[in-house]
Amino acid sequence: MTGHKADDYTHSAVVDTVIAPRDFDSFRLSAGQVLRFVDSEGQQCADLIALDPDDLTSRLSPTMSVSRNGRLYLGVGDQLVDDDGEPMLTIIADTVEHHDILCGSCSPGLNRVRHGGRGAGKRTCHVNFAEALRPYGVPAEDVPYSFNIFMNYPVSQDGSMEYATCRSSAGDHIDFRAERDLLVVVSNCPQELTPLNGFTPSSSQVIVFAAAGGNA
Ligand SMILES: [Zn+2]
């Protein structure tokens, strides 16, 4: 694929929506459509999960995605796959090239363990996902693990990890092409107790582009 053709799909948006700070949205993608996540204000990460709408037990698997790609830091050309290793999403553009696939989502339990009373009542990605999947009959305990867009939780040479602020600036984006029909949920991470989102969760934008060839 040549450089100028790589952007051809951006001419035909079928969805263009703002996700408010701490909020989430769900998207039904047809095979070939492209979902773009845009960090509107900078230093904002988002957790992403994907499920097969016709078989909700088939979900994006971070561990299998690491195994299939042979790397911890996924970038352009890498694929997010399901538990069987079957492709779900391919990263086709990425202006940050630094994401997390290891540490799951912020949750009420994690906030309580890490932050005690300061974490009480805070919105979390896990709660967002549970709300998004409730209409589909998926219970909260079955919320799958996430791929964390722009999340900056690097692994050091000695294997240790430490949260740092997202490297994304306003306007940075990542594009995922759906390899099959999918239900995708994006949680605009509400975490404000770590440096991740600069201690100030902000808004983001999601655009869905039609599949190449013009099919919406
Ligand atoms: Zn989060």
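Helix H4 spans residues 125–133, and its buried residues are Cys125, Asn128, Phe129, Ala130, Ala132 and Leu133. Here, buried means under 20% relative accessible area, exposed over 50%, and partly exposed in between, with a 1.4 Å probe and protein chains only. Helices (H or I, at least four residues) and strands (E, at least two) are DSSP runs, numbered from the N terminus. The model is a predicted one: local features need pLDDT of at least 70, side-chain atom pairs count only at pLDDT 80 or more, and totals for chains, interfaces and linings use all residues. Residues are numbered from 1 along each chain as its sequence is written, and side-chain values use heavy atoms, with hydrogens and water left out.

As for what sits over H4, the cover on its buried residues includes strands S2 (24–29), S4 (46–52) and S10 (182–188).

Cys125 also turns up at the metal site. The zinc ion is coordinated at 2.3 Å by the SG atoms of Cys106, Cys125 and Cys189; donors are N, O and S atoms within 2.8 Å of the metal (3.2 Å for Na, K and Ca), and since water is not among the atoms, sites may look incomplete. The donor spacing in sequence reads C-x18-C-x63-C. Because Cys125 lies in helix H4 and Cys189 in the loop between S10 and strand S11 (204–209), the pair ties together parts 64 residues apart in sequence. Cys125 and Cys189 are both buried.

Then there is Asp175, which belongs to strand S9 (residues 173–178). Asp175 is buried, at a relative accessible area of 0%.

Note on methods
Contact means heavy atoms within 4.5 Å.
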